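Dear colleague,

Please find the structure handed over below, followed by a summary of what was found in it.

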Amino acid sequence: MMMQRADQNSSGEILVVEDTPASLKLLSELLGNAGYLVRQAPDGELALWSAQARPPELILLDIRMPGIDGFEVCRRLKADPALSDIPVIFLSAQYDTDDKVRGFQAGAVDFIAKPYQSEEVLARTRAHIHLARAQQALAASNAQLTRTLEELGTARAEIVRSERLAALGALVAGVAHELNTPIGNSVLAASALQDRSSAFFGSMEHGVKRSELERFGADTEHATTLLLRNLHKAADLIECFKQVAVDQTSSQRRSFELATLVDGMAKTLAPSLRAAGAELRVESAGGLAMDSYPGALCQVLTQLTSNALLHAFAQPDSASRPASGAITIRMAADGGAVRLEFEDNGAGFPAGGLARAFEPFNSARMGRSSGLGLHIVHNLVTNVLGGAIELASAPGRTRFAMRLPLHAPALGRASNLW
Ligand SMILES: Nc1ncnc2c1ncn2[C@@H]1O[C@H](COP(=O)(O)OP(=O)(O)O)[C@@H](O)[C@H]1O
Ligand SMILES: [Mg+2]
C-alpha cells in the first residue's frame with residue numbers, strides 16, 4: 001500500500017532528528033521560518049516510527065545519537081520500499097571524513113556540517129527537496145507512459161483481431177451465397193427422383209413393360225449423376241473454405257504449397273467478387289513449397305481483395321473505373337523466395353494516397369472505413385512472413401508486389417502482432 005506523502009504544495013515537510021535539544025530547536029526554527037513544516041525526533045527509534053507513520057519529504061539526520069545511531073536509521077529507511085526514496089542529509093562534524101564515507105554508503109544524499117551555517121542548511125535543504133520532487137514527477141510520468149504503452153499494445157492487438165474476424169465474416173457470407181446453387185440443384189434433382197420413383201412404383205401393379213423399366217433406369221441415373229455432381233461441388237467448396245477459415249484464424253506455422261493455398265482462397269473469394277461483377281485469375285506454375293504462416297498470407301490476400309472491391313472497382317464517379325473488374329494473382333519462384341503479385345485493373349490510388357498507403361488510419365473513406373487494412377498487410381508481410389512489399393499504382397493498374405521467403409524466419413517479438 002502506498003503511504004500518504006506529505007503535501008507537495010507546501011515548501012516541504014522535513015523530519016529533523018537530533019538528540020541535542022539546543023540543535024534540534026535551532027534547526028527547527030531556521031527551517032520553520034523559511035516556510036517548511038518541521039517535525040522533530042529526539043532519537044533514532046522515534047525517527048523511524050515517525051517516518052513510517054507519515055513519510056516526510058526530507059530527513060535531516062544526526063549521526064551520533066544514543067540507541068540506534070544515524071547510520072543504522074538510514075540503513076533501515078533505505079531497506080523499507082515505502083521510505084527508501086526519501087532523501088536523507090546527515091548532520092556531522094565538519095572534519096570527519098570517515099563519517100562522510102560511511103554516510104554515503106548507508107544511502108545519504110548529502111552532509112551538513114556542524115556548527116550549522118544558516119545559509120548552507122537552507123540551500124542544501126531546498127536543493128534536495130526540489131530534486132526529490134522532480135524525481136517523483138519523473139517516476140510518475142514514466143509509470144503513466146508505461147501504462148499508456150501497454151494499453152496501446154492491447155488496443156492494437158484488439159483491432160487486428162477484429163479486422164481478421166471482419167474479413168472472415170465477409171468470406172462466410174460469400175461462401176454461404178455460393179453454396180445456394182449446388183444445394184438448390186441437389187434439392188431439385190432429389191425431389192424429381194422422388195416423384196419419378198413414386199410414379200413408377202405406383203404403375204407397377206398394372207405390370208411393367210421392359211421399355212418403361214429402361215426409361216426409369218435412365219432417368220434415375222441422370223438424376224443421381226446431377227445430385228452427385230452438385231453435392232461434390234458443395235463439399236469441395238466447404239472443404240476449401242474450411243481450410244481457409246482455419247488458416248485465416250490461426251497463427252500456426254505449417255508447410256503448404258502456395259498455389260494450392262491461393263487456389264483455395266480464390267474459390268472462397270470468388271463469390272464476393274462475382275457479386276460485384278469482378279473476376280479473379282490465378283497464374284501459377286505450381287511447385288512452390290513454403291514453410292510459413294498461411295493465416296497471415298490469407299489475411300493479406302483477403303485485405304487486398306476487399307480493397308480492390310471497395311476502392312478500385314466501386315468508384316461511382318471515377319472515369320477510370322473499369323468496365324469489368326479483374327484481379328490477377330501471379331506467383332513465381334525467386335531464389336529462396338517467392339514473388340507474389342496482386343494486381344487490379346481499377347481506378348488506382350487517389351492523388352497523394354500512394355506515399356502514405358501503408359500508414360495506419362489513412363483511408364479515402366475516413367469515418368466509414370478503418371484505414372488499417374494496408375497497415376496490417378504491411379506488418380504481416382514484413383514482421384510475420386519476413387518479406388517485403390512494394391506498391392505501384394496508376395489509373396487502370398494497381399500492383400502490390402511481394403517478395404516472401406519460402407522459409408519464414410522464426411517469429412520473435414512479432415508474434416503479438418497477430
Ligand atoms: N486497390 C486499390 N485501388 C485504389 N486505391 C486503393 C486500393 N487499395 C487501397 N487503396 C487506397 O488506400 C487507402 C488505404 O487502404 P486501407 O489501409 O485498406 O484502408 P481502408 O480500406 O479502410 O480505407 C484506401 O482508403 C484507398 O484510398
Ligand atoms: Mg481496406
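By class, the shell around ligand 1 comprises 7 nonpolar, 9 polar and 1 charged residues (Ala, Val, Leu, Ile, Met, Phe, Trp, Tyr, Cys and Pro count as nonpolar, Asp, Glu, Lys and Arg as charged, and the others, Gly among them, as polar). The model is a predicted one, in which local features need pLDDT of at least 70, side-chain atom pairs count only at pLDDT 80 or more, and totals for chains, interfaces and linings use all residues. Residues are numbered from 1 along each chain as its sequence is written, chains are lettered from A and ligands numbered from 1 in the order in which they are written, and side-chain values use heavy atoms, with hydrogens and water left out.

In total, 17 residues surround ligand 1, the closest being H311, S363, A364, S369 and G371 (a residue is near a molecule if one of its heavy atoms lies within 4 Å of it). Helix 8 supplies the largest share of this shell, 4 residues (helices are DSSP runs of H or I with at least four residues, and strands are runs of E with at least two, numbered from the N terminus).

Polar contacts are pairs of N or O atoms within 3.5 Å. A polar side-chain atom of D344 lies 2.9 Å from a nitrogen atom of ligand 1. On the backbone side, an N or O atom of G373 is 3.3 Å from an oxygen atom of the ligand, and a polar backbone atom of L374 is 2.9 Å from an oxygen atom of ligand 1.

Elsewhere, a cis peptide bond joins K114 and P115, with omega at about -5°. P115 lies in the loop between strand 5 (110–114) and helix 5 (118–203).

Yours sincerely

Key. Polar contact = N/O pair within 3.5 Å; in protein donor to acceptor, adjacent residues only side chain to side chain.
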